[in-house]
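Open the model in your viewer and follow the stops below. The tour starts with the whole chain and ends at a single side chain.

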Amino acid sequence: MARSTIREILKLTQRPDIISFAGGLPAPELFPVERVKEAADRVLTEHGAEALQYGASEGVRDLRDLIAERMSRGGVNVTRDDILIVSGAQQGIDLIGKVLLEDGDGLAVEDPTYMGMLQAWRPYNLCYYTVPTDHDGLDLDVLRRILRENPKLIYLVPNFQNPQGVTLSAERRRALIELLDEFDGIVVEDNPYGELRYSGEHIPSLYELDAQYSGKTTFDGHVIYLGTFSKILAPGVRVGWIAAPPAIMERLVQAKQASDLHTSTLTQMLVAEVARDGFLDEHVECLRDVYEARRDLMLEAMETYFPKEVRWAKPDGGLFLMAYAPEYVDMTDMFKVALEHKVAYVPGADFFVGGTAAGGHTFRLNFSNARPAMIDEGIKRLGAMLHEVIAFQPTH
Ligand SMILES: Cc1ncc(COP(=O)(O)O)c(C=O)c1O
């Protein structure tokens, strides 16, 4: 398992003189610190001993109920038993790998895809089937050809994908569900950003469309769903969840138990207490307002300062967008130059299964973490650097 470039980069970008668009960090000034303080006090006062005791591997009841209620809003009857609490969606990815993947298995993924999944599943020496994406998400003709090869899983981030910011359209989601039905496939729907939509229409989740298609009202189809409180509350609590069909859930619970017994009882109770009485929904609305403004500011600044040779697409939500420099520009090499300009991004190469050859000219920008004034200045610095490298390119 290699150390993640992004984690290494994050260390460099913590220098105070650098404007960083690198990490996937939420805005720290929006963390509801006071609410968390009050909730911690209430949890410890009312359930102190329980909060500090070992708990069930599946997770704390109230939290599982809260998640089940939120996941049922689209019409599928999700229950507590469908939910396993994990220490962040990243642990969910790890456990799914342990339960379902074997050495050399086939995995269908968007290209580029989430780097943390590539890292977690590297030990399985997977055979990757990459599916190209456009502004509506996956190319389903390619996916259909891939499904004939019988890959073990499909892994997708259908909403505001990390790193591209692309969303799988409703039409393609429906077509994907039909394909899953035809080929009896399983998709991992990793959805950390789904609630952070700033423009466009809400699109139902794959697990909802899957249930609709098969006429079921329970969570028992072709989808394993990953959720997290990292982007809608705080990543430092390390609380996420997996919703899975019963046969798979059984094995996931065993893997969770073997891995770390259970996620911290105290933090699970804390999250449930913070979220209750509609607080989480209100908080998400506030995040949406702030992040939408920051996204727009970044897009405007890119229009103003970036050379015309650089391309990008507007994301309808989430925390990221991906930009494409001309292919002769190596954005991994340029990272050091960017630091000299006192600005940081994540080079895109590591998000591509094919690495530098496929995505060396790409870079990911996060718009949620920097304050508005910093966004304009940081993009200006990046724009200056890109103008320089493009102007001095001998073949240009
Ligand atoms: C697509 C995707 N999946 C999973 C994760 C991990 O989230 P968590 O903090 O819940 O482990 C992230 C975090 O950035 C992500 O972007």
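How many helices and strands does the secondary structure of the chain come to? It comes to 14 helices and 15 strands, counted as DSSP runs (H or I of at least four residues for helices, E of at least two for strands) and numbered from the N terminus.

This is a predicted model: local features need pLDDT of at least 70 and side-chain atom pairs pLDDT 80 or more, while totals for chains, interfaces and linings use all residues. Residues are numbered from 1 along each chain as its sequence is written, and side-chain values use heavy atoms, without hydrogens and water.

**Whole chain.** Show the C-alpha trace. Along its principal axes it spans about 65 × 55 × 40 Å. Now switch to burial. Of the 396 residues, 56% count as buried, meaning under 20% relative accessible area with a 1.4 Å probe, protein chains only.

Next, display contacts (heavy atoms within 4.5 Å). Among those between residues at least 6 apart in sequence, 75% join residues at least 24 apart.

**Select D103.** Look in the loop between α4 (89-100) and β3 (106-110). Is D103 buried or exposed? D103 is exposed, with a relative accessible area of 58%; the cut-off for exposed is over 50%.

Leaving aside neighbours within four places in sequence, D103 is in contact with P123, Y124 and N125. Zoom in on N125. Its side chain makes a polar contact with the side chain of D103 at 2.8 Å. A polar contact is a pair of N or O atoms within 3.5 Å; within protein, one must be able to donate a hydrogen and the other to accept it, and residues adjacent in sequence count only if both atoms are side-chain atoms.

**Last stop.** Select C127. The C-alpha atoms of D103 and C127 are separated by 9.1 Å, with the two residues 24 apart along the chain.
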